[in-house]
Amino acid sequence: MDAPYAIEMVNITKRFPGIIANDNITLQLRRGEIHALLGENGAGKSTLMSVLFGLYQAEEGVIKKDGKEVKINNPNDANDLGIGMVHQHFKLVQCFTVLENIILGVESTKGGVLQMDEARAKVKALSEKYGLHVDPDAKIEDITVGMQQRTEILKMLFRDNEILIFDEPTAVLTPQEIEELMEIMNNLRAEGKSILFITHKLNEIKAVADRVTVLRRGKYIGTVDVATTSKEEMSRMMVGRDVNMVVDKEPAKPGDVILKVENMTVASKMHSNNAVKNVSFEVHKGEIVCIAGIDGNGQTEFVYGLTGMEPLVDGKITLCGKDITKDSIRQRSKLLSHIPEDRHKHGLVLDYPLEYNMVLQRYYQPEFTSGAGFLKRKEIREYSEKLEAAYDVRSGQGPITIARAMSGGNQQKAIIAREIDKDHQLLVAVQPTRGLDVGAIEGVHKNLIAERDNGRAVLLISLELEEVMNVPDRILVMYEGEIVGELDPKKTTVEELGLYMAGAKRNVDIDANTPEVEESEVIDTAAARKEEK
Amino acid sequence: MKDKKFSLKNPALQSILTSLLCIVLGLLIGYIVLLMINPAGAGTAIKTILLNFLSRSSQAAQMKALGNTLAKTAPLLMCALSICFCYKVGLFNIGAPGQYEAGACIGLYAALAWHLNWVICLILAGLAGAIVGAISGALKAYRNVNEVISGIMLNWIMLYLTNMILSGKKVKDPASPYTIKLMSGNKGALIPSAGLNALFANNKTVTLAIPLAILFAILIWMILAKTKFGYELKATGYNKEAAKYAGMKEKQNIIITLAIGGALAGIGASFLFLTGYQEWSTTQTSVPMMGFNGIAATFLGGLHPIGTIFASFFIQSITDGGALINKSVYPSQISDLISSIIIYLCGFVLFFKYALNTWISKRDKGGPNVNDVPVTNDDAKKEGGDK
Amino acid sequence: MVLLLQYTIIFASVLCLVALGGCFSEHSGVINLGLEGIMVMGALGGAVTMFLLPAGTSKIVIVLATTLFAILVGMLYSCLLAVACINFKADQTLIGTAMNLLATAAATVFVRAMNTSINPDNVSSSIQYIQPKKAFLKYIGNFEFNWFMIMAVVLLIASWFVLYKTKFGLRLMACGENPQAADSVGINVYKMRWAGVLISGFLGGLGGIVYITAGVSEWKFEMGVAGFGFLALAVMIFGQWKPTNIALAALLFGLFRALSNVYTGIPFLKALNLPSTVYNMLPYIISIIVLAFTSKNSRAPKAEGIPYDKGMR
């Protein structure tokens, strides 16, 4: 019998303690189509894919391959059924070569010795066929994120997978790389592969997908044809209401200079070049300046240099008229608040209760520590309760909740509360909305604008194009450690921003002698050296 | 019923329960080993180990034996506190024996060669231990050397160095491999008993060292739980990066922590050698067990300074009990065997607690516990991704 | 000088074997701080075998049986690490330390019990193996050649081959670098880590018996193996987890260790008139210095020391 579907997940339900992650979800992937799976963070996309991959077992529902019911108990079963996946966080061994990564798990041997030549030939042939250009003998740690992704795709093709899943594949790519990926996906479809494309970006769905299935809060909302459905309709299905893409704000009234960065250069931990090169700019009181760029172009190191977590190689930082270049983190924190990029690594002591995390930047101040060095527990508790109420931080047991047991959104709210409530003139917010859902994102943006309107300077570092276009009053684009462009969000377009982010265009000349980067080079080196976590 | 449920969820009680489970399992395995060696006397032997001083016949002998055990518990407790304190800051201070050796070395040298008073000897011993600890700390903070490996290396280096220094003419008894007895060398360096010996059938080795060690335990607990300093150190231990982000000097904290740990172990050594309980043998070729037993006491004490007091007494008691068994049949190291099995089992404490909690929540079965709401799937993924 | 060479090579063999053991374990993602204990157990297994074999057993049988039992006991003992750290996700430092203490205590108890059961007055924790040890030796001029030296070289080459040229090695290293990646392509991370730990038990156990037969014919088990397992870890770090570099590092450390055995025979060193304890300390001091200079930019397997949890993807 010739069933129309390559894979079907019918009435899948998966519960976790306290949460129904997937509530009666049906997903049907036709042979030779690109099928998008759309939903916000926490909508249940990841759980559904984990069920398909045998990482979790669904309590209810069945999975069918070519119309026949199958049991998938672990990833091996999925592989055997010809299902492959490009994970959002690549599953690659950094110190192995591309080829080693591709063959890992399906190695062919002769007398116990690895046979690489045969595999190399097959990989080369596949590269040719689908336009996936990558050097099989390069080490993963030396190649760009785009090439790493191609390695992941080759991994699936090498295993002759028929059903390919892409989990938010565009998050780490430049607009140009995204276009190439779309091209590759079209090629794959043309060769008869069935593709499941997980995303929350409507433009991309419009560009390549045939049909789209929408999830919201663990529930199945519907499956529609992309060609006949508008973006606005899809968006409504995704969030359940009309989303206001434009952030509400008054025009900025910039005042005095708060932060002045001159010729800042910061070394890289990953390679011998400097990660931040000769960066200069100013941030004024009452404005939000955003540093935009693809992940890994020196933003992280720039923030480390600015906040004192890494020493500068060269340059000068002036904050409120005071030279802070040589100041310690603590000295800087008197004027500077910092919402860190990674809330688990830097922002919180996960094993401390919430109240201790609320005073992480202030515990030593007389308000919370007595002259003899004892903590004032009562004051800490009251302060924590105050902040929780003011910023709507929710947790199981209030101040004594261990931070680890809180949801990501509430963890982030706690950090924002702490950083905004303490004395400061400059707020550095690094990807403050990462991993949050739409409601929480709106709240964070309101906080940032309130900060601005309260006369603080705000420096936002963001990778999300929508955020970059809507929140700040000024955009600086960082590419390979340099500021390559200054843009007015009201006058620029996403396309233009993309060109700057990819290094194909620049309007700030740091060194007049630097030749313009050629466009062909740009594509391969863009997004180079994604920071290893 | 409701009360009982509530109390079983109490983390302190859970710690005590899991510790007891480790002890019971450790003793059980020890008993099986005894049975395998010789079934006839195994029951008596394990009883002797457990009862230790209580197995003596007269009450006076019992008190005297208890005094001996207490006298050795004091240094053990100090070593355990050293390890416990460092562990709270995320450091595994297996270098405690080396710091202990340094304390013994300088404490005895100050007493015998320089004829100093016990208080000063004690302080010098603490300083010596602190320096050795600080070396490990500095290597960790600035050179990324694992403190476990540098600690082990320093244990051996300090052993040989101590042997060398204490073989000096002024400090070593020419007739034996031991250092000169403090009674004859310098009475002023003996830690005073302050009348405590009267309680233990005039056991001269029962001194102020015992209450002092308990005071140290309380002090360490206060520092960790109540002070700004403890807040910083624990934050550093839980999350070094977050501590740095919050402007704490995380490298300095590592060094200070190991220095304090070293000081505790160093003072611990003088709590043994400045009581006249025993002398340093300058020909010894193995690192003293005291520091390693401290590891057992630390984990058995649930990583809590106060719990450590009881755990130290228990470990010392079974060690002394081991020395009382019939040596022509059973090796006295059976106690070391039991304590090392207990350490091994302490590695499973998290699992035991997890199993206990699973059991409790299964039994309760009611609505989902607010605490247990999992971090959302996306977050869990991220955590896995960045270590 | 021949003596120095001989001791250097035999100690280097020990360090190389044990460091390779550590290397396999760490490449699979498990830090093996229990190598010291594994050595003790291997030594025990080998020594007891030599002690129990009847006099007149042929040389080849002695060599094979001793080696086999040392390896077997070492592997069995390493299971303690594997169960606790792989299956129960226990703290690897704590378990390693417990294993070191446990090995010395258990070996002492065992040897004492064995000795007393043969002769009630014998409460020592020593085993003598003067006669059987000779089976391992062959004199080439003054040089005391030991079969273990050959075994070390063969195992060194085999280790290199296994790690870099086989499917197993590729998969093993993937588990130590990125277990999530290995799992996603259907490799059983737990199994590979078990394999890594068992191989470290194999090599560590063998290293143990080589160590106690190097230079002496009697071993007092109360002493353990004097921190040699940790010296081997230093060798492994200095060798950057690569078999060839480990071999070179082992030779260097072996030389310093050998000095303490033979310095009296070297006129120049004897003239220095340093106390013997200085030579005893030397290997440990060198290793601290070496670690201070090599640990900063180490190429340690990225996922080592982190228990792998299937749920955390």
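This is a predicted model: local features need pLDDT of at least 70, side-chain atom pairs count only at pLDDT 80 or more; totals for chains, interfaces and linings use all residues.
Figure 1. Along the principal axes, the C-alpha atoms of chain B fill a box of roughly 75 × 55 × 40 Å. The secondary structure of chain B comprises 18 helices and 0 strands. Burial applies to 58% of the 387 residues of chain B. Of the contacts in chain B between residues at least 6 apart in sequence, 76% join residues at least 24 apart.

**Figure 2. Helix α13 of chain B, residues 250–273.** At 1.5 Å a residue, the 24 residues of this helix should span 34 Å; the C-alpha atoms at its ends are 35 Å apart, which agrees. Helix α13(B) is mostly covered, with 22 of its 24 residues buried.

**Figure 3. The contact between chain C and chain A.** Chain C contributes 16 residues and chain A contributes 18 residues. On the side of chain C that touches chain A, α7 (167–177) and α8 (179–184) each supply at least two residues. Helix α7(C) gives the most to this side, with 5 residues. The residues on the side of chain C that touches chain A divide into 5 nonpolar, 5 polar and 6 charged.

**Figure 4. Residues 510–533 of chain A, where pLDDT stays under 50.** For chain A, the average pLDDT is 86, and 92% of the residues score at least 70. Over residues 510–533 of chain A, the model has 43 contacts beyond four places in sequence.

Terms used
Residues are numbered from 1 along each chain as its sequence is written. Chains are lettered from A and ligands numbered from 1 in the order in which they are written. Helices (H or I, at least four residues) and strands (E, at least two) are DSSP runs, numbered from the N terminus. The expected span of a helix is 1.5 Å times one less than its number of residues. A residue is buried if 20 or more other C-beta atoms lie within 10 Å of its own, exposed if 12 or fewer, and partly exposed in between; C-beta atoms are placed from the backbone. pLDDT is the predictor's confidence in each residue, from 0 to 100. Two residues are in contact if their C-beta atoms, placed from the backbone, lie within 7 Å. Ala, Val, Leu, Ile, Met, Phe, Trp, Tyr, Cys and Pro count as nonpolar, Asp, Glu, Lys and Arg as charged, and the others, Gly among them, as polar.
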